[in-house]
Amino acid sequence: MASFPDVIFSVLGNKIVLENGIVQVTLSKPGGIVTGVKYGGLDNLLEILNKETNRGYWDMNWSEPDGKVDKFDVPDGTTFELVRADGDMVEVSFVRPYDDKSEKPMVPLTIDKRFVLHRGHSGFYSYGIYERLAGWRDFNLNQTRIAFKLRKDKFQHMAVGENKLRLMPLPDDLSPDRAQQLAYKEAHLLINPKNPALKGEVDDKYQYHCENQDNKVHGWMSQDPVVGFWIITASNEFRNGGPVKQDLTSHTGPTCLSMWHSAHLAGIELCPQFRNQEPWQKIFGPVYIYLNSAPAGTDIKALWDDAKEQMNAELPQWPYSWPSSPKFAKAADRGQISGRILVQDRFAKIALSPGANAYLGLALPGAKGSWQRDSKGYQFWSRADSNGNFSIKNVLPGVYDLYGWVPGVFGDYKREGETITITAGGNLQLGELVYQPPRDGPTVWEIGTPTRTAEEFYVPDVDPKYINRLSSLEKWRQYGLWERYTALYPTQDLIYTVGTSDWSKDWFYAHLCRINADGTYSPTTWQIRFQLPALSPNLGVYKLRMAIASSNLAAIQIRVNDASSADPVFDTKQVGRCNAIARHGIHGLYWAWNINIPAALLKQGDNIIYLTQPIANGPFNGVQYDYLRLEAPAPPTSLASMTTTLSHAEI
């Protein structure tokens with residue numbers, strides 16, 4: 001790196017300029033808004049037609065404790081500090097302190113936005129420190145992120161994943177004279193786009209969301225000159241909701257986002273509520289705004305391939321060694337844990353089995369599954385290998401619970417007993433951990449596989465008038481699939497016959513309302529038909545395991561062999577505001593229920609379980625099932641046998 005020029009810092013009136021001979025970054029002073037990024041022959045990669053305050057910025061949505069009014073805030077710094085400038089690196093800080101005497105409504109946080117430019121780097125980093133002291137007033141933090149608005153005359157191709165690179169509409173194409181707004185404001189049917197090749201397509205930013213665990217690199221490409229603008233995220237520890245929380249990436253604008261906290265595809269439960277004047281601190285980032293270029297005429301896919309290589313170079317550098325804030329913990333200040341997860345699924349396998357590919361994570365102490373609703377704390381996750389071995393590295397010191405789940409196994413795992421304390425430099429060996437998933441008896445039947453998504457079920461073809469032509473787009477990301485249920489089941493709801501039906505063809509991916517001819521909506525009732533060759537009413541209860549991959553203002557009522565019964569056997573009541581159905585998700589938040597089915601309600605021979613979704617206020621009331629399983633009662637002799645034969649054999 002010594003062969004590259006020094007990083008230079010300069011003050012030009014109300015602007016701060018950072019440059020290293022490759023890239024030049026201009027920021028407002030003392031606000032800390034990115035007003036210009038010069039690189040690759042372009043004086044500014046950001047949209048020069050926008051106001052300087054609408055080019056590159058941190059923003060947030062917050063509300064008072066009553067949650068009635070959502071307030072949008074672009075925090076402008078009021079003080080500026082040159083933190084470090086030594087030729088190798090420049091780090092600058094823009095702080096907006098909380099002022100409890102402010103005449104205007106102000107989020108009760110002190111926000112420190114930082115920008116860093118290194119010698120020889122083709123890009124710059126940004127990270128932020130959000131802090132509130134004990135005694136500050138209560139509020140709700142609904143969303144926070146970094147947003148970049150790029151030049152529409154240059155950046156017209158977007159890449160959000162492997163094989164997800166495409167020409168995008170211009171922002172002008174979403175205007176009323178060029179597009180028809182569909183069922184909600186983010187979705188548009190392009191009727192007269194400037195590029196005729198896009199005519200007839202749907203554009204919706206939610207079609208390009210992805211899970212946190214996969215949200216590592218995305219961005220935009222220009223063909224003239226051949227230049228790329230990317231956001232690379234080397235860690236998910238500061239994002240809310242855990243590894244499978246879904247969030248936005250890039251979308252028509254051209255807009256490039258780095259999402260930290262949001263309720264997207266999860267609901268208001270992901271908006272942290274700060275109460276009783278509690279203190280809080282969280283560091284978001286650093287993230288890398290990476291810029292690349294290639295000679296004229298180069299296929300722009302080369303920019304994407306190079307961005308992936310840079311991402312792979314960033315990942316092992318986490319936690320970065322260079323942030324100047326002492327609040328950012330370096331590698332030596334962190335600890336790790338390791339262990340092995342085993343599964344004891346009674347009546348399914350006699351021997352203990354490895355928790356192959358299990359998700360294991362450390363998050364704030366709480367109940368099983370509480371991690372997926374956590375936004376205040378940090379989370380640290382890893383995947384077990386095929387033998388259930390796992391390690392979680394670079395964990396911040398603190399007190400945690402260990403959570404997880406095993407693909408193919410019903411339910412949530414949580415290590416019981418004492419919480420786990422991580423210390424700087426510590427290496428905690430947990431040994432063998434045994435997950436005993438809910439199970440009372442042998443399987444009578446099952447529908448789906450317990451993977452916390454509805455992906456294995458039947459996803460219909462999109463109505464051709466609502467197509468997104470990106471060939472690699474998963475079917476469930478297409479617009480308007482909620483309308484397809486009524487088209488496929490115009491007069492009678494879904495009937496699934498165990499032993500005959502195939503859940504990949506005969507179980508619709510979402511349990512939705514029926515859309516009536518007059519535009520109203522009606523509840524729907526699905527049937528699961530099955531046979532019991534033998535039945536003894538004296539056995540006790542059967543058990544229905546029901547896991548839901550998402551729910552949006554919906555409920556499921558369960559009846560057995562009597563669809564007209566006034567009182568269901570079980571009622572989830574209304575749960576969830578995931579909105580995954582409308583926003584092209586195949587899952588949202590996860591729920592699991594263990595439901596008693598009295599044997600007296602069943603009969604030898606033919607039986608029907610009715611699943612009713614009774615809330616019908618609009619097209620998006622519905623649930624996405626993950627998995628259903630009916631278990632027979634376990635004979636006493638079987639219970640005794642199971643407790644004596646479980647061993648480590650066959651592991």
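So, what volume does the second largest pocket have? About 660 Å³. Before I go on, this is a predicted model, so to speak from the record: local features need pLDDT of at least 70, side-chain atom pairs count only at pLDDT 80 or more, and totals for chains, interfaces and linings use all residues. Residues are numbered from 1 along each chain as its sequence is written, and side-chain values use heavy atoms, with hydrogens and water left out.

Okay, the definitions for pockets. On a 1 Å grid over the protein atoms alone, a pocket is an open set of points with protein on both sides within 12 Å along at least five of seven lines, and lining residues have an atom within 4 Å of a point. Grid points are joined across faces, edges and corners, and the volume is the space filled by probe spheres set on the points.

Back to that second largest pocket. It has 23 lining residues, and the closest to its centre are Ala234, Ser235, Asn236, Trp381 and Ser382. Two strands, β28 (380-383) and β29 (389-395), each supply at least two residues of this lining. Strands here are DSSP runs of E with at least two residues, helices are runs of H or I with at least four, and both are numbered from the N terminus. By class, the lining splits into 8 nonpolar, 10 polar and 5 charged residues. For the classes, Ala, Val, Leu, Ile, Met, Phe, Trp, Tyr, Cys and Pro count as nonpolar, Asp, Glu, Lys and Arg as charged, and the others, Gly among them, as polar.

Now the largest pocket, with a volume of about 900 Å³. There are 33 residues in its lining, and the closest to the centre are Asp70, Asn142, Ala263, Cys271 and Arg583. Which strand gives the most to this lining? That's β11, with 4 residues. β5 (56-63), β11 (139-149) and β40 (541-554) each supply at least two. The class count for the largest pocket is 13 nonpolar, 12 polar and 8 charged.

You'll have noticed Cys271 in that list, so on to cysteines. How many disulfides does a search of the whole structure find? It finds 0, a disulfide being a pair of cysteine sulfur atoms within 2.5 Å. For Cys271, the nearest cysteine sulfur is that of Cys578, 12 Å away. Cys271 counts as buried because its relative accessibility is 10%. The cut-offs, with a 1.4 Å probe and protein chains only: buried is under 20% relative accessible area, exposed is over 50%, and partly exposed is in between.

Last topic, the backbone. A cis peptide bond joins Gly253 and Pro254, with omega about -10°, and Pro254 lies in the loop between β21 (250-251) and β22 (255-261). Another cis peptide bond joins Trp318 and Pro319, with omega about -5°. Pro319 is in the loop between α1 (301-314) and β25 (335-343).

Then there's a pair of positive phi values. Asn276 isn't a glycine, yet its phi is about 55°, and this residue sits in the loop between β23 (273-274) and β24 (280-294). Gln277, in the loop between β23 and β24, has a positive phi near 55° as well. Is Asn276 buried or exposed? Exposed, because its relative accessibility is 72%, while Gln277, at 44%, counts as partly exposed.

How values were computed: 1 Å grid on protein atoms, 1.4 Å probe; cavity = no way out; pocket = protein on both sides within 12 Å on 5 of 7 lines; lining within 4 Å.
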